[in-house]
Amino acid sequence: MGNAQSPPKNDPRYVSATRAFTQKELEDLRSLFNHLAAQSQSNGKYISPSVFQSYFRLHGPLGERMYDLVTQERKDQKLTFEDLVVAKATYEKGIKDEIEEFIFRLLDISGDNFVGRSDLESVMISIFNDMLCIKGSEDRSNSHHDIVNIFLKAANFSKRDESSTEETMSFEDFRSWCTHVPSVRKLLGSLLLPPDSGRPGSQIPKLLTSKAIDSNITLLKKEYAWLIGGALTQHELEDWMLLYHSAVNGLSFNTFLGNISNHAGPTVLIIKDKEGYIYGGYASQPWERHADFYGDMKCYLFQLNPKASIFRPTGANNNLQWCAINFSSEDIPNGIGFGGRVNHFGLFLSANFDQGHSFSCSTFGSPCLSKTNRILPEVIECWGVTQGSAQDKNDAVKGTILERFKEDRHMLNMVGLANSSE
């Protein structure tokens, strides 16, 4: 690989790559190349590593590895126009397999043809420190060690090779990891886009809390929000507002319903149990009283600690969201949940908010999210996802959740709950 040459203009790779672009796109690429080459003190012939890394804001080992791949691993420190066209045609315009193969090679930070745990660790540290600019501790080397380890626990290293000193990842392992951490796939698939263009995978929702709430008590770290947001669209990654926190509002289902009642959009429910496990679900539909499962295929479950993973619907069934309020039948357990089946949910919190359960379920292809099937909640919080296009819908749906259930008002008055959210 180190002896590869820059593709000449009549090289089949370059000729084929040019067909992936319109004439205007090629002209724009030429303008970009000329601009960067002019800064590289190369008489306009090539782009130097430092100029490349500075423009694309790819620093450290990840930036070096990307430059290496774009220059066909020639090690000559000279990125030509032909290199740029071939790389972007493969990485951005190629078929799914070609793009994922490029990203998989990008993960090989050491360049030894193996993707090991240390490679992924370097990539994740670079993502958090340099691209997402999430501040860690003052000791930069250890700033994200714990959170990186949580992300790497979702990865499988099934490959064994005597020439490698560590367990390594196969291409299928990589694809599986990307399924569980889609934000990584999004970001690593967009690194040759201009940094200011709003690279997919680079946006972290702005986490909004009341001034009266110490942000240190919230479960949702920026890294976790980035993970959860990997399965969402751009307009769902703007502002997330803390609607309920049990340390502030108490472990109360009624208070929970009251606090979320005026939020008509999606919500992110997060639980920390007494074993220290953190997990939850993305509810694409408002929490409303139903006697059966409801919701749509945008719902998903996730784990945040000790492992970071997302579990999206498999299509096996439509048992997505559950919200039962004041039913007297044992066949309709009161509480909120996701997936699985009645009394055997993928995730469930009872209406007392004092217990729940989690089982593996085919709805999301998810395992038990907690250490054991029984959940004893320690902290519960819920964030409202602000959607720009949902504003009109929010204006149209006013009143508390209890007011919207007019058929239940008389019953709720009898048990003293009708005004609990007012």
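**Entry 1: a pair in E12**

I began at Ile-270 and found it opposite Glu-381 in E12. The model is a predicted one, and I read it as such. Next I looked up how E3 and E12 are joined. I count 7 bridges between E3 and E12, and the two strands run antiparallel.

**Entry 2: the other neighbour of E12**

I then turned to strand E2, residues 239-245. E2 is joined to strand E12, residues 377-385, by 5 bridges. This pairing is antiparallel too. I checked single positions along it. Trp-240 faces Val-385 in E12. Leu-242 has Trp-383 of E12 as its bridge partner.

How many residues of E12 are buried? I find 8 of its 9 residues buried, so I note E12 as mostly covered.

**Entry 3: the sheet as a whole**

I wrote down the strand order: E1-E2-E12-E3-E4-E5-E6. This is an open sheet of 7 strands, and its pairing is mixed. Which strands stand at the edges? They are E1 (206-208) and E6 (309-311). Each has a single partner strand, so one side of each has no neighbour in the sheet. I also noted the twist, which averages 25° from one strand to the next.

I looked for a helix on this sheet and noted H13, residues 253-260. H13 packs on the sheet and touches E2, E12 and strand E3 (267-273). The direction of H13 makes about 150° with that of E2.

**Entry 4: a second sheet**

I moved on to the strands E7 to E11. These 5 strands form an open sheet in the order E7-E8-E9-E10-E11. The pairing here is antiparallel. At the edges I find E7 (321-324) and E11 (374-375), each pairing on one side only.

Inside this sheet I checked E8 against E9. Strand E8 covers residues 335-341, and strand E9 covers residues 344-350. I count 6 bridges between E8 and E9, which run antiparallel. Arg-341 has His-344 in E9 as its bridge partner.

**Entry 5: helix H8**

Last, I looked up H8, residues 145-152. Which residues of H8 are buried? I list Ile-147, Val-148, Ile-150, Phe-151 and Leu-152.

I then asked what covers the buried residues of H8. The cover includes three helices that I noted by number: H7 (117-131), H9 (171-180) and H11 (222-229). It also includes strand E5 (300-305).

Terms used
Residues are numbered from 1 along each chain as its sequence is written. This is a predicted model: local features need pLDDT of at least 70, side-chain atom pairs count only at pLDDT 80 or more; totals for chains, interfaces and linings use all residues. Side-chain values use heavy atoms; hydrogens and water are left out. Two strands pair if DSSP finds at least two bridges between them. Helices (H or I, at least four residues) and strands (E, at least two) are DSSP runs, numbered from the N terminus. Axes are lines fitted to C-alpha atoms, for helices over the stretch in contact, and angles run from 0 to 180 degrees between N-to-C directions. Contact means heavy atoms within 4.5 Å. Buried means under 20% relative accessible area, exposed over 50%, partly exposed in between (1.4 Å probe, protein chains only).
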